[in-house]
Amino acid sequence: MSPSNENFVTVNPSSDFSSLNNLIELFRNSINSIDDVGMEEIHAEKFKLFKKAYNFSKRVHQGQKRASGEPYLTHPIEVAAIVAGLRMDCASVIAALLHDTVEDTLTTTSDLEQEFGEEVAFIVEGLTKLGKLSFNSSEELEAENIRKMIVAMAKDIRVIIIKLADRLHNLRTLDVLPKEKQIKIAQETLDIYAPLANRLGIFFIKSELEDLSFKYLNSESYRDLSFRINKKKTEREKYIEKVTDILKENLEKHNLKAEIYGRPKHFYSIYRKMIEQHVSFEDIYDLIALRIIVDTETECYEVLGIVHSIWKPISGRIKDYIAMPKANLYRSLHTTVIGPEGMRVEIQIRTKQMHFIDEFGIAAHWRYKEDMPVEKEDIEQFNWLRQLVEYQRDLKDPHEFLDSVKIDLFQEEVYVFTPKGKVIALPKGSTPIDFAYYIHTEIGDKATGAIVNGVIVPLKQKLSNGDIVEIIAKEGHHPSKDWLKYVKSSKAISKIRNYIRQTERDESIEAGKETLEREFKKLENKTADFKELIVKSVQQLSLKSEDDLFAGVGYGKYSPSYLFSLAMPGYKKTDKLSLITKTTGNVINKILQKIKPGSGKSEAIVSPFGGDMLYKLAGCCYPIPGDDIIGFISRGRGVIVHKSDCKNIIGIDKNRLINVSWKEGAGRQNLSAGEFFETKIRIITDDKKGILADIASLISAKGANISKAQVRTIKDGRAVHLFDIEVRDNKQSDSIIDGIKSIKGVIKVNRVVQ
């Protein structure tokens, strides 16, 4: 049926007319599939609302173009089509049509609520990015946008389903954007959105997001893999046909009806296996995959027995996700067998219902029928999502929050049991500490040991599938900083960090107050009392509370004399930084020490306190002039200078951070003084003769010194080179990297952050 016959607004000739027709058909199928038969009037009302949403979106996006030059309306149409294809409800499809109206037009959330109701308005608001004015960096903005989206999706899962559809269409049309933007979007997709699709069980979206991201992040490897897979396509199809015929013949003997078909493995999963297992494409044996679809669970196990009677199964490759489903609702039997001609064949066995949920995940399982509450079992299936939202309340730092999200989304899972038989899903590699914090924060804090399968084990022991775990807890026991080396779950990491931060802060507040009171008593000719000193200092430094001030003194961030100069006119001003601090309780001992101007690298860094301070460049992120940097007040080692996006400063007390910058000309004008800075670069190349010499020659030609070089080969005919080089600044480093990229045989090159 054409749009004009349905009273749609006139379609611009440049619009994608077929896309709109496709959307209409998908929408009709969607509303028919989730409502009872004989509801024609309700269907008509829904279609009327759908037309209204289309017309509204077309009107407000009128004149807007995509980067490709197409009318912007083609994007919401395609996003809505993906959502309708998932058999989502009417509100979801309407929200998809309107998802960019608040962000990209003059439309407000109130406008949408008035026109389409509170439900649609809430979903669109959850998809709308935050404003850009109140954030220090684009990274912080992106982190807070993801936080906002996750909070919204916990209240209404349709938010993330539409967001995934939006991201999928953006990736499908990514080739019109500049290379830099392609890489940024593709990397964010691999980090956040593909893992989210996986956790929600929407595998066809997850697979396409990964493959498209892979295409833009590593185009050469993508093309190479695509060529190799397509080269053997005919051979593979003949083999699948042979295996299928054998299976059908044997199943018919047992009176079992089944659908059997080949399942193509997507490119990124093959590539990851090659990288993680250090094998070549030729060594990936289980490229052949089959699905067997039957009617009942009982038949699934019957089929598994028949398969194993035909071909020998590979030990350790039999997995029962029917008895123990994945957290994203996935259920199936998996086995890998040695098939005809000695080839490995991966086989998945499931019912039709399981298959439907495997394809559409939560979109198939979580039905939003009008006036019907979500069932308790559905909610419990997504406990991980509620926990993610719970943790975010404690994580105020945007970078720490994003780090936590990635931990939760990326980890494979291990399934363990409580003594009462309850199944607990934890990230793979988890320890009893993770288990304890999953049960309750207090149990985690007080944990001293664990009993696993009846045997007492240390808290750092990794848990395995099927372990029965019991925690030994003791009153008065507290978390240890060393636990952070062993834990894997974001909840455990968050709770341990919070405890350590609070403990250090409490000690510093007490020590800082004592120090300030003691130094104040020594003063002569006071022009303010102690209380007035505190109030004025808090105001002058724009702090939130007295405790922030005392903690700053305790950490060594503010010296008493500096505070006196702020609050008492006429007092001689001294350095803001407490250069030698002696506090009770040994909280901080000699935080900073004076060094002579010009010695070491004292001329390279500028701080608010002058150039004569002791500092050290961090050995984790290797900052060099030109990088955005921040200083961390360490215990006894001066200020440690990190790149501002270094993961090692995520979650630390912000009272111990100070603003620092590179002195003008650092690394450039002082060459006679030998002012070079160490950085590391990693290069992946084809393993061919002479390439190491080519790289070394280019680095030397660019004026950098090579202090160390390591090379190792991997099985797929490639080599990994690690160079420690001395450069003047990041411009020189970028020039070297760009030059290396142009060398024939180089696949990837980047600066290393440990």
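In this predicted model, Glu-519 lies in helix H23, residues 490-522 (helices are DSSP runs of H or I with at least four residues, numbered from the N terminus). Glu-519 is classed as partly exposed because its relative accessibility is 24%; buried denotes under 20% relative accessible area, exposed over 50%, and partly exposed the range in between, for a 1.4 Å probe and protein chains only. With residues up to four places away in sequence excluded, Glu-519 touches Pro-560 and Phe-564, a contact being heavy atoms within 4.5 Å. A separation of 10.0 Å is found between the C-alpha atoms of Glu-519 and Ser-559, which are 40 residues apart along the chain.

Residues are numbered from 1 along each chain as its sequence is written. Local features require pLDDT of at least 70, side-chain atom pairs count only at pLDDT 80 or more, and totals for chains, interfaces and linings use all residues, while side-chain values use heavy atoms, without hydrogens and water.

The largest nonpolar core comprises 62 residues, and Leu-23, Leu-98, Leu-164, Ile-205 and Leu-209 have the most contacts inside it. Such a core is a set of buried Ala, Val, Leu, Ile, Met, Phe, Trp, Tyr and Cys residues joined through side-chain atoms within 4.5 Å. Helix H9 (residues 158-172) supplies the largest share of this core, eight residues. Beyond its neighbours within four places in sequence, Ile-205 contacts Ile-82, Leu-86, Leu-164, Leu-168 and Ala-197. Another core, of 26 residues, lies apart from it and includes Tyr-615, Val-641, Ile-658 and Val-727.

Terms used
Helices (H or I, at least four residues) and strands (E, at least two) are DSSP runs, numbered from the N terminus.
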